[in-house]
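I opened this entry to record what I looked up about the ligand site and the overall fold. My notes follow in the order in which I took them.

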Amino acid sequence: MSIENELKKIEEYAKENHVPIMEKEGITFLTDYIQKHSIKTILEIGSAIGYSAIKMALLDPEIQVVTIERDEERYKEALKNRKIFHLEKQITLLYQDAFDVELNDQFDLIFIDAAKSQYVKFFEKFKKNLKKDGVIISDNLNFHGYTHQKERIQSKNLRQLVGKIRNYIQFLEENEEFETTFFDIGDGIGVSKRR
Ligand code: SAM
């Protein structure tokens, strides 16, 4: 099995089936961050078909990823993909709505990549699962460039969604417990650490 070929197949499947997976720049930032900071335990909200979880787990056999997905078809595809890479021991896939998941474990990294409208709630719910020196990384803060041009958006739904992402950015900027650094990389990434 060629790892590169199998990853390419997942990328192609995502494209053909309109599954949003992390952009190349964003995933490179994330995996570099994990390696640089020797991160070993990761909680991911939003597995989709397992692409980012697989990319993270492949970095080091000691890395453990718990990842949550509520869409059945995507979850099943993620199970298949995990098997292709023989990562059953490193990746735990939870088929659940993240808001119904109760975990007691503490993680080095929490990666939020699920419903954009719920980011504040995900952050508030899962921060208790973050180790003292852990980091919360959020993706899609530029939302395909829309975040900075909300007024020009025609669709009401899209405008509301962009408004929620802006709220999340404000929530991070004003957060007294966490300090966030924003990176204009991929689709916009926030890295939040306890103050
Ligand atoms: N992290 C993946 C990657 O880069 O390979 C992409 C994740 S995709 C952007 C977001 C996923 O989050 C979707 O598949 C969606 O079904 C899932 N999702 C959204 N809200 C969720 C929730 N409340 N609980 C669990 N999964 C959720």
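**Ligand site and fold**

I began with the ligand, where a nitrogen atom lies 2.8 Å from a polar backbone atom of Ala 98; I take a polar contact as a pair of N or O atoms within 3.5 Å. The model is predicted, so I kept to its limits: local features need pLDDT of at least 70, side-chain atom pairs count only at pLDDT 80 or more, and totals for chains, interfaces and linings use all residues. Residues are numbered from 1 along each chain as its sequence is written, and side-chain values use heavy atoms, with hydrogens and water left out.

I then found a polar side-chain atom of Asp 113 at 2.8 Å from a nitrogen atom of the ligand, and a backbone N or O atom of Met 22 at 2.8 Å from a ligand oxygen atom. The protein covers 94% of the 610 Å² of accessible area that the ligand has on its own (Shrake-Rupley method, 1.4 Å probe).

Which residues come nearest to the ligand? Of the 21 around it (a heavy atom within 4 Å), I noted Met 22, Glu 69, Arg 74, Ala 98 and Asp 113. By class, I read ten nonpolar, four polar and seven charged residues in this shell, with Asp, Glu, Lys and Arg counted as charged, Ala, Val, Leu, Ile, Met, Phe, Trp, Tyr, Cys and Pro as nonpolar, and the others, Gly among them, as polar.

For the fold, I listed six helices and seven strands, taken as DSSP runs (helices H or I, at least four residues; strands E, at least two). From the N terminus on, the elements run α-α-β-α-β-α-β-β-α-β-α-β-β. Both α3 (51-57) and β2 (64-69) supply at least two residues each to the ligand shell. Finally, I noted that the C-alpha atoms fill a box of roughly 50 × 40 × 30 Å along the principal axes.

Notes. A polar contact is a pair of N or O atoms within 3.5 Å; within protein, one must be able to donate a hydrogen and the other to accept it, and residues adjacent in sequence count only if both atoms are side-chain atoms.
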